[in-house]
Amino acid sequence: MNAANIGIIGVGKLGFSLVQGLVKSGYPVSSIHVFDKSKSMLDRAAELGLKVCGSLEELVSFSNIIIISVRPNDVEGVARELAKIRVEGKKVISTAAFVSLRALEELIGTPSVYRAMPNIAAEVNSSFTALSPPNRKDIGIEKIFSYIGVVEWVDEQVLDALTITSSSTPAVVAELMDAFVLASLRAGVPLDVARRSVAMVFQGIGKLAEQKELWSIRNTVATPGGTTVRLLQKLYEHGVKEKLLSALVEAYEEFSKKLGEYREKEAKKE
Ligand SMILES: NC(=O)c1ccc[n+]([C@@H]2O[C@H](COP(=O)([O-])OP(=O)(O)OC[C@H]3O[C@@H](n4cnc5c(N)ncnc54)[C@H](OP(=O)(O)O)[C@@H]3O)[C@@H](O)[C@H]2O)c1
């Protein structure tokens, strides 16, 4: 494998799932360097055999591709450090929510800046990762994120929307799955069987949904007068789909408002 040297700044929840996915895909550990403020996070990364750097300078000198994976409020500090170290000729990718490409370019002082919005399924090579900007598609960057799942180049506004509809939804899906597990337990299914069956149903229907329309999956299962149609009727009687949709839309609207305020602050700083 002709592997690019990757430097990851921040190996917390997301950064660590990225490195786990890369390592599982066979990406050479010697080509991944990491840096984090937190010693416990670095120790965890070192256990995977990754090279832990003692400073940002060390990470930058090793890397062709630099991934910033710190919380949004910490991005400015990291970006200013990178500007001082100088990263000309290197590609910088931020996974942070909120912080725009424009702000990153201003702070780092290089136009080779990208944003990526993956999710924690990167750990099992099943992330959906939005990359931006699409008018500067980069094969090298696309390849790296392809090791941890599926990649799509999108406009920055779409990437922002996916922050909540794709990167936050693993938490919602986990809650939904938990309801299925509880219902199975209530019906007398042993816990380990319930967990595995629910995991497989979500995984299997996820795969089917890549190829088939959702209504067609539903209609295939729901036979006339059968158990499934009665189950679906119960869901409609309880307003489950409407309530879920309203909750998701409300959460997205709150996120959009916060993003708008964040962008106003960014514009004032320029
Ligand atoms: N978690 C997700 O599912 C997810 C999905 C998509 C995108 N994201 C984005 O990914 C970014 C990271 O999220 P996360 O959930 O992984 O956060 P996290 O678990 O808090 O990890 C961030 C790590 O970066 C470290 N850090 C902070 N400032 C640093 C600096 N100046 N230099 C080096 N390391 C530094 C933190 O250390 P301390 O804790 O000691 O400060 C922490 O270990 C966020 O911007 C988020 O918007 C997250």
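**Ligand contacts and a nonpolar patch**

Let's start at the ligand. A polar side-chain atom of R71 sits 2.4 Å from one of the ligand's oxygen atoms. Taken alone, the ligand exposes 900 Å², and the protein buries 81% of that. Keep in mind that this is a predicted model.

Two further contacts here. D36 places a polar side-chain atom 3.0 Å from an oxygen atom of the ligand. With K13, the backbone is involved: a polar backbone atom lies 2.9 Å from a ligand oxygen.

Which residues come nearest to the ligand? There are 23 residues around the ligand, and the nearest are K13, L14, D36, V70 and R71.

Now the record. UniProt, in an unreviewed entry, lists residues 156–254 as "domain: Pyrroline-5-carboxylate reductase dimerisation". In the model, that stretch is 86% helix and 0% strand. Its end C-alpha atoms are 18 Å apart.

Next, the surface. V172, L176, F180, L244 and L248 form a nonpolar patch. Together they have about 380 Å² of accessible area. Which helices each supply at least two of the patch residues? They are α8, residues 169–186, and α12, residues 240–269. The most comes from α8, with three residues.

L176 lies in helix α8.

To recap. R71, D36 and K13 each have a polar atom by a ligand oxygen.

Technical notes. Residues are numbered from 1 along each chain as its sequence is written. This is a predicted model: local features need pLDDT of at least 70, side-chain atom pairs count only at pLDDT 80 or more; totals for chains, interfaces and linings use all residues. Side-chain values use heavy atoms; hydrogens and water are left out. Patches are made of residues with over 30% relative accessible area and no salt bridge: like charges are joined within 9 Å, nonpolar side chains (Val, Leu, Ile, Met, Phe, Trp, Tyr) within 5 Å. Accessible areas come from the Shrake-Rupley method with a 1.4 Å probe; for residues, only the protein chains shown count as cover. A salt bridge is a side-chain nitrogen of Lys or Arg within 4 Å of a carboxyl oxygen of Asp or Glu. Helices (H or I, at least four residues) and strands (E, at least two) are DSSP runs, numbered from the N terminus. UniProt positions are given in the numbering used here, feature names are shortened, and annotations may be inferred rather than shown by experiment. A residue is near a molecule or strand if one of its heavy atoms lies within 4 Å of it. A polar contact is a pair of N or O atoms within 3.5 Å; within protein, one must be able to donate a hydrogen and the other to accept it, and residues adjacent in sequence count only if both atoms are side-chain atoms.
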